[in-house]
Amino acid sequence: MPIAVICTGTELLKGGCCNTNMFHLGGRLCSLASPPVMELSIGDHPDELCFALSCALQQADIIIVSGGLGPTSDDITLETVARFFGVKLVEVAELKEKVEKRWAMRHKGHCPKFQYKQAMIVEGGKYFNNPVGTASGIAFETVYGGKKRFICLLPGPPAEFETVLDNGMLEDISAHTRKSCTTSGFFICGIGETQVARAVEGLFKDMPLEIAYTAMPGGTKLFISGENPQTVDAAIRQAHDIFGSKALDINCFDLPSALLAKLKKLGLTFACAESCTGGLAADSFVSLPGASEVFNGGIVSYANQAKMDILGVSSEILEQYGAVSPQCAEAMVKGVCKALKSNCAVSTTGIAGPDGGTPEKPVGLVYIAASVNNLTAVKELHLHGNRKMIRERTVANALQLLWELLDAPENNIC
C-alpha cells in the first residue's frame with residue numbers, strides 16, 4: 001500500500017523550524033522498503049488539511065499526519081480528520097486520567113475542558129502511548145473512494161513524534177504495507193551526486209532497477225530499488241565495490257555513526273580541535289548514543305590566544321603563517337591529542353565568511369587535519385556557500401579525512 005505524509009504546522013511554512021519529523025520518518029519507511037510517494041506541508045487550517053487529504057488519497061492508501069494533536073485552538077488535526085472521513089470520536093478513560101495527572105503536575109486547580117481533546121481517539125481505532133508528552137498517537141482503518149485506507153496521526157514535537165513512531169506505530173504501518181519493492185543503499189564520502197551517477201548508471205541501465213541519489217555536505221547517498229531482492233542485493237554490492245574506501249557499509253548513511261563504530265572496534269579514543277566550525281564536529285559525535293566510549297572531548301579554540309594556551313600552537317606559527325594555515329591545523333590536531341589524551345583527532349581552521357576574507361586567504365579557505373596514533377594528514381579546502389554550508393562541509397571533510405587515515409596501511413592499527 002503506497003504511503004503519503006502530511007506535515008501540519010504553520011511554523012513549517014514560515015521557516016520557524018526544520019522538518020526533522022519527515023527526515024526521521026523517511027529513514028524509517030525506507031528501512032521497511034516502503035518510502036513515501038509524496039509529502040505535503042500545510043498550515044494549521046482545516047481547509048488546508050482537507051485539501052491535503054484529498055490529494056494524498058489519490059496517490060496512497062496509508063496516510064501519515066504529523067502535528068495538530070495538542071490542546072490549543074490551532075490543533076485541529078483529529079477533529080478535521082474525523083469530519084473528513086465521517087468517523088466518530090470517543091473519550092478514553094485512561095487517556096483522560098493521564099491528561100489530568102500531567103495537568104496537576106504543572107498547575108493548580110481543575111484541569112480545563114480544552115485539555116481533554118487529548119483524551120479523544122477515533123472510535124474503533126487504537127492509540128499509542130506517548131511517554132514524553134500528552135498527545136497520543138492514533139491509528140484507524142476506514143474506507144474512502146471504495147478502497148480500504150489506514151490513517152496514522154502522530155504528535156508534532158520531534159521528541160514525541162519519534163517516540164510514538166518507534167514505539168509501536170511503525171510496526172502497524174509495516175503490517176499494512178505490501179513490500180513490492182526492496183531498497184538498499186550506502187553513503188559515499190567526498191564524491192558528488194553527478195560523479196556517483198556517472199559511475200553507476202551505466203552498469204544498471206538494462207536492469208529493472210530504480211536508482212536515486214541524495215546530495216549531502218560530505219558526499220552522496222545512493223539508493224537502489226527493485227522488485228527482486230536478489231537483483232537489488234547484487235547491484236548494491238557491485239556499486240559498493242566501485243567506490244572502495246569512500247563507501248560506508250551497505251545500508252549505512254551516516255559518517256559519524258560509521259566512525260564511532262570503527263573507533264569502538266579498534267579501541268581508539270577521539271577528540272576535536274575546532275576554530276571555524278565552533279563545535280560542530282564534536283556535536284556530530286555527542287549526538288550519537290554510545291559516544292562516551294570513544295569521545296574524550298572537544299576544544300573550540302576560536303581566538304589565537306586559546307590556540308596557544310590550550311592547544312600549544314606556537315606564537316611563531318601564528319605570526320609566520322597565521323591561524324588559517326596548514327601549519328596551524330597540524331599543530332592544533334597534535335595539541336588536542338596531547339591535551340585530551342586521545343589516540344586520534346581532527347582539527348579545523350578557516351574562514352567561513354561572509355567577512356574576513358582577503359585576496360590571499362579568501363572566504364571558504366579552510367585547513368583540516370586528522371591524526372591517528374601520531375600519523376597526521378593535513379588538507380587544504382576551497383569551499384563555497386554561505387557560512388553555515390562552509391562550516392558543515394568543513395566538518396564532513398574533516399571526518400572523511402579521519403576515515404581515510406584509519407584505513408591507511410601505514411597506521412598498522414588492525
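**Close look**

Author: Leaving aside residues up to four places away in sequence, threonine 163 touches Pro131 and Val132. Keep in mind that this is a predicted model. Threonine 163 belongs to helix H6, which runs over residues 158-176. Its relative accessibility is 17%, and because the cut-off for buried is under 20%, threonine 163 counts as buried. For a sense of distance, take methionine 216: it is 53 residues from threonine 163 in sequence, and their C-alpha atoms are 26 Å apart.

Now step back to the whole chain. Its secondary structure comes to 14 helices and 16 strands, and the C-alpha trace spans about 75 × 65 × 40 Å along its principal axes. There are 414 residues, and 50% of them count as buried. If you take the contacts with a separation of 6 or more, 67% are between residues 24 or more positions apart.

Glycine 219 has a relative accessibility of 8%, so it falls under the 20% cut-off and counts as buried. With residues up to four places away in sequence set aside, glycine 219 touches Phe187, Ile188, Cys189, Gly190, Ile191 and Thr214. Alanine 4 is 215 residues from glycine 219 in sequence, with 28 Å between the two C-alpha atoms.

A pair of aromatic rings is described by the distance of the centres and the angle of the planes. A search of the whole structure turns up nine aromatic pairs. In one of them, phenylalanine 84 with phenylalanine 85, the centres are 5.0 Å apart and the planes meet at 75 degrees, so this pair is edge-to-face. Phenylalanine 85 has a relative accessible area of 10%, so it is buried. Another pair, phenylalanine 270 with phenylalanine 285, is tilted, at 4.5 Å centre to centre and 35 degrees between the planes. That pair links distant parts of the chain: phenylalanine 270 is in strand S12 (residues 270-274) and phenylalanine 285 is in helix H10 (residues 280-286), 15 residues apart. Both phenylalanine 270 and phenylalanine 285 are buried. Back at phenylalanine 84 and phenylalanine 85, ring pairs also bring in two other residues, making a cluster of Phe84, Phe85, Phe140 and Tyr144.

Rings meet charges here too. Lysine 96 lies over the face of tyrosine 116, at 5.3 Å from the ring centre.

Helix H9 (residues 255-266) packs with helix H14 (residues 387-406) at an angle of about 35 degrees, and their axes are 10 Å apart. The crossing of H9 past H14 is left-handed. H9 brings Leu255, Pro256, Ala258, Leu259, Lys262, Leu263 and Leu266 to the contact, while H14 brings Ala396, Leu399, Gln400, Leu402, Trp403 and Leu406. By type, the residues of the contact divide into 11 nonpolar, one polar and one charged.

The peptide bond from glycine 353 to proline 354 is cis, with omega near 0 degrees. Proline 354 sits in the loop between strand S14 (344-350) and strand S15 (365-372). Asparagine 251 is not a glycine, yet its phi is positive, at about 70 degrees. You'll find asparagine 251 in the loop between helix H8 (229-243) and H9. Asparagine 373 also has a positive phi, near 50 degrees, and its place is the loop between S15 and strand S16 (375-382). With 35% relative accessibility, between the 20% and 50% limits, asparagine 373 counts as partly exposed. By contrast, threonine 163, where we began, is buried.

Key. Residues numbered from 1 in each chain as written. Predicted model: local features only at pLDDT ≥ 70, side-chain atom pairs only at ≥ 80, totals over all residues. Heavy atoms only, no water. Phe/Tyr/Trp six-rings, centres within 6.5 Å; stacked < 30°, edge-to-face > 60°. Buried < 20%, exposed > 50% of the residue type's maximum accessible area, 1.4 Å probe, protein only. Helix = DSSP H or I, 4+ residues; strand = E, 2+ residues; numbered from the N terminus. Lys NZ or Arg CZ within 6 Å of the ring centre and 35° of its normal. Axes fitted to C-alpha atoms, helices over the stretch in contact; angles between N-to-C directions. Left-handed = near helix turned anticlockwise from the far one by under 90°. Contact = heavy atoms within 4.5 Å. Nonpolar A, V, L, I, M, F, W, Y, C, P; charged D, E, K, R; others polar.
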